[in-house]
Amino acid sequence: MIKTIIFDFGDVFINLDKTATIRELSTLGDIRSLQEMQEINNLYEVGKISTSEFITLFQELFPKATKTQIINAWNSILLDFPKHRLEFIQNLASEQNYKLILLSNTNELHINWVKENITFYKQFKSCFDTFYLSHEIHLRKPTPDIFEFVLQEHKIQPSETIFIDDTKENTDAAATLGIHTWNNNPKTEDITNLFTIKSDLF
């Protein structure tokens with residue numbers, strides 16, 4: 001029996017355009033090294049570099065770009081947050097049948113954009129027993145230690161837990177620890193259909 005539900009954020013609740021960042025950055029100059037950009041992102045997502053350091057590193061990659069241009073390009077991945085998904089998690093929280101945890105690879109610039117542009121962000125956050133953002137806990141998916149951290153912190157059993165994420169690499173990592181998973185497809189599936197799609201677990 002499932003007692004804990006762990007949710008990703010991007011492309012589970014808030015819609016993303018994962019091609020937008022590279023597309024927008026390419027208008028600011030030549031993209032010389034995707035690997036270097038990914039390495040900077042990985043450091044930023046676990047809080048090993050500050051926002052100002054992150055911007056400085058990207059200005060070195062795009063020397064003609066302003067700070068504002070870099071921030072706007074970086075945040076272009078973020079789209080809308082459909083209201084019916086908020087209502088889903090609110091209803092789930094009000095029923096109090098499950099421990100609800102959010103576990104997201106999110107950096108400071110992205111979450112600041114969400115706070116400024118999603119009017120019901122505080123309502124959304126309040127639905128969860130715990131709200132884990134990678135840059136705050138200094139861990140990121142898909143490393144197994146982030147899942148081990150959540151299991152230990154909440155004293156929950158993997159067999160009684162389901163983790164939902166749109167990235168297969170992340171759900172695969174959780175599954176190695178015995179956690180039930182749903183690798184949702186944001187183009188064809190919606191979090192509001194959780195109990196239909198995963199009816200065998202509930």
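Visitor: In what order do the five strands of the open sheet stand?
Guide: This is a predicted model, where local features need pLDDT of at least 70, side-chain atom pairs count only at pLDDT 80 or more, and totals for chains, interfaces and linings use all residues. Residues are numbered from 1 along each chain as its sequence is written, and side-chain values use heavy atoms, without hydrogens and water. Strands are DSSP runs of E, at least two residues, and helices are runs of H or I, at least four, numbered from the N terminus; two strands pair if DSSP finds at least two bridges between them. Pairing here is parallel, and the order is S3-S2-S1-S4-S5.

Visitor: Which strands stand at the edges?
Guide: Each edge strand has a single partner, so one side of it is left without a neighbour in the sheet. Those are S3 (130-133) and S5 (180-183).

Visitor: At what angle do the axes of H4 and H6 cross?
Guide: Axes are lines fitted to C-alpha atoms, for helices over the stretch in contact (heavy atoms within 4.5 Å), and angles run from 0 to 180 degrees between N-to-C directions. H4 (residues 67-75) and H6 (residues 108-117) have axes that come within 10 Å. They're therefore roughly perpendicular, a label for 65 to 115 degrees (under 35 is roughly parallel, over 145 roughly antiparallel, the rest oblique). The crossing is roughly 80°.
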